[in-house]
Amino acid sequence: MNEWLGSVFLLVAFGVASSTHGQDISSNQAAKLNQALSQSIPNDTGGCGVGIWSGEALVFSGAKGYANVEHKVPITANTVFDIASISKQFTASAILLLSQQGKISLQDNIRKYIPEMPKYEKEILIKDLLNHTSGIRNFTSLLELEGIGFSQPISKADILALIARQTDVEFPSGESFKYTNSGYFLAAMIIERVTGLSLGQFTKRHIFDSLSMTNTRFLEEHDTIISDRADAYSKTINFYRKNTPKLNMAGPGGLLTSINDISKWNKNFSSGKVGGKKLIKLLEKKGQLNSGMLIPYGYGIWVLGDGDDVSYEHNGAWGGYRSVYSRSPSSGMSIAIFCNIDDVDIYSLLQELKSIALHSEHIVSSELAELSKIKELSKQIMDFTRKAGVYELDGIEKILFFEDGGRFFLVSYQLGMEEIFPLQDNVFHIPNRGIKINFLNGFDESHSLARWIWPSGDETALYKKTEVKLTDEEVLNFAGDFFSKDMLFTYKFVSENGQLYAIHPKLPKVHLIPIGQGRFLGNKQHLLSMEGRNISRDTTEIRINAFDLQELVFEKVD
């Protein structure tokens, strides 16, 4: 097991531990890297561990925060984190090893191994599961829509039943690309059915033991005691709370590892000790749609850019855990950030660490310097209630801005729901998309103007729309109970004071904002938007978008 070598120093003021290795990171760079950690991670709570590699060599490792806040256990390079969706590259590697052994083919129909799955119009291949081109709905979103969530264990049999109950896919396999955890859950099930070993057992035998990754495993029972494991914490309005989900996610997630152990996996990308160079090339090869169009995802890895500018990356988010692992062949640099708090802007931190390590001023994220300011901003930054409402982007897309519990959100048909964060007076941003929204002053409230600022810096006008008023009869067209065969629950739609509301059997009531032509936007994740079909007193069907799910059909109950 790799240890932190060299001189380790503690920055007492910030609680940051770090070390440098070799000559690739100077003491001045190390100080700047620690400063970046200090500025982006709160004090006296959970935090992050960081590893930076030059080629195969770990040249910097640092940490700030506690693995366990109650007992003040500090994060180190041996602290074990749940790295969430970064796990997918290990599940994909297991599938590729099975393929190398001749036990499966990536071109196999998944029903060969999982006959419980429906026979859709177009067969789904194993490679579709790994490339996210299957069209299968995301089971984690289905669980959230059911109101079950992740706070309790759910058997693999029940998850499979939920996936297999879906009467349709969101698109025919290979026709489009959409990220879904269901593909990797089914991939893990194929491994189990072919080998008789669980994913955890198979990867231990064929990957982790081979690489001496002694602190790495797939978590297959949520209550397993794991040495050096970090608890996870989520930020509420005024304090942190523990947030370690109990849903077992082995396959799409569920890998527990440390900075020291991921160092051995990072080395495998150059050595090919497990799987050989052929396996590595397959992991890093962009997928391809039926049309021939390439997609920015290989097998368990995002493939960003091309040629000398290509980078291989994945992030993860699960409960209070946040993580990112990025490799850049052209620079020879890799960076991993594993966190056990959910209020770290991990991508801004990643870009800042890259810029320092590479002496590349132009990459420095200007938003990182704003992070400390964000924590001090409150609703008084602007009267958001006056700015909230429905806006129109580029004359087509309707976007609803609203406040909920002191937090700010937008929702649209294309974007779904995104939390937006204040940067300065009247300016908000979506950190992971690089988009900013600037609400301008000086216009009357019925046509208040805002600017949608794209990552490129280009701007598009946002005009506030006059509220669409529905007659009592139009509201009543949607009233009644609507049942989904795929979800096995009923939404009740009711009229209250001339407004339409949706009542879920387990989740909060949703106020539906009309935007015209039988379409509505909602202010909750479990009903983001809705469209009625055959709008009349006898409306028989509605289709809703919820979380990342699209076009779920609910039929009226007589």
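His 132 is buried, with a relative accessible area of 0%; here buried means under 20% relative accessible area, exposed means over 50%, and partly exposed is anything in between, using a 1.4 Å probe and protein chains only. You'll find His 132 in the loop between α3 (126-131) and α4 (139-146). Those labels come from DSSP runs, numbered from the N terminus: helices are H or I runs of at least four residues, and strands are E runs of at least two. His 132 also has a positive phi of about 65 degrees, although it is not a glycine.

Before we go on, a word about what you're looking at. This is a predicted model, where local features need pLDDT of at least 70 and side-chain atom pairs count only at pLDDT 80 or more, while totals for chains, interfaces and linings use all residues. Residues are numbered from 1 along each chain as its sequence is written, and side-chain values use heavy atoms, with hydrogens and water left out.

Now for the overall picture. The protein chain holds 13 helices and 31 strands. Of its 558 residues, 54% are buried. Contacts (heavy atoms within 4.5 Å) tell you something about the fold too: among those between residues at least 6 apart in sequence, 57% join residues at least 24 apart.

Asp 228, another residue other than glycine, has a positive phi near 65 degrees. Look for Asp 228 in the loop between β8 (217-218) and β9 (233-235).

Next, the cysteines. A disulfide is a pair of cysteine sulfur atoms within 2.5 Å, and a search of the whole structure turns up 1 of them. The partners are Cys 48 and Cys 339, with their sulfur atoms 2.1 Å apart. Cys 48 sits in strand β3 (residues 48-54) and Cys 339 in strand β15 (residues 333-339), so this pair ties together parts that are 291 residues apart in sequence. The link is right-handed, with 105 degrees about the S-S bond. Is Cys 48 buried or exposed? It counts as buried, at 0% relative accessibility. Cys 339 is buried as well, with a relative accessible area of 1%.

In α10, 10 of the 12 residues are buried, so the helix is largely enclosed by the rest of the structure. Those buried residues include Ile 346, Leu 349, Leu 350 and Ile 356, along with Glu 352 and Lys 354. From its first C-alpha to its last, α10 reaches 16 Å, close to the 16 Å expected at 1.5 Å a residue; the expected span is 1.5 Å times one less than the number of residues. After the helix comes His 359, whose phi is positive, near 55 degrees.

What about a residue on the outside? Lys 285 counts as exposed, at 56% relative accessibility. Its place is in the loop between α9 (276-284) and β12 (302-304). Leaving aside residues up to four places away in sequence, Lys 285 touches Tyr 297 and Gly 298. Lys 285 and Val 303 are 18 residues apart in sequence, and their C-alpha atoms are 7.4 Å apart in space.

On a 1 Å grid over the protein atoms alone, a cavity is a set of points where a 1.4 Å probe fits but cannot get out, while a pocket is an open set with protein on both sides within 12 Å along at least five of seven lines; lining residues have an atom within 4 Å of a point. Grid points are joined across faces, edges and corners, and a volume is the space filled by probe spheres set on the points.

The second largest pocket has a volume of about 400 Å³. It is lined by 21 residues, and the closest to its centre are Gly 389, Val 390, Leu 400, Glu 467 and Ile 513. Which strand gives the largest share of the lining? That's β17, with 5 residues. Strands β16 (389-393), β17 (397-404) and β27 (510-516) each supply at least two. The lining divides into 9 nonpolar, 6 polar and 6 charged residues, where Ala, Val, Leu, Ile, Met, Phe, Trp, Tyr, Cys and Pro count as nonpolar, Asp, Glu, Lys and Arg as charged, and the others, Gly among them, as polar.

As for cavities, there are 4 of 30 Å³ or more. The largest cavity contains about 80 Å³ of space. Its lining includes Asp 82, His 222, Arg 229, Trp 318 and Tyr 321, and divides into 6 nonpolar, 4 polar and 2 charged residues.
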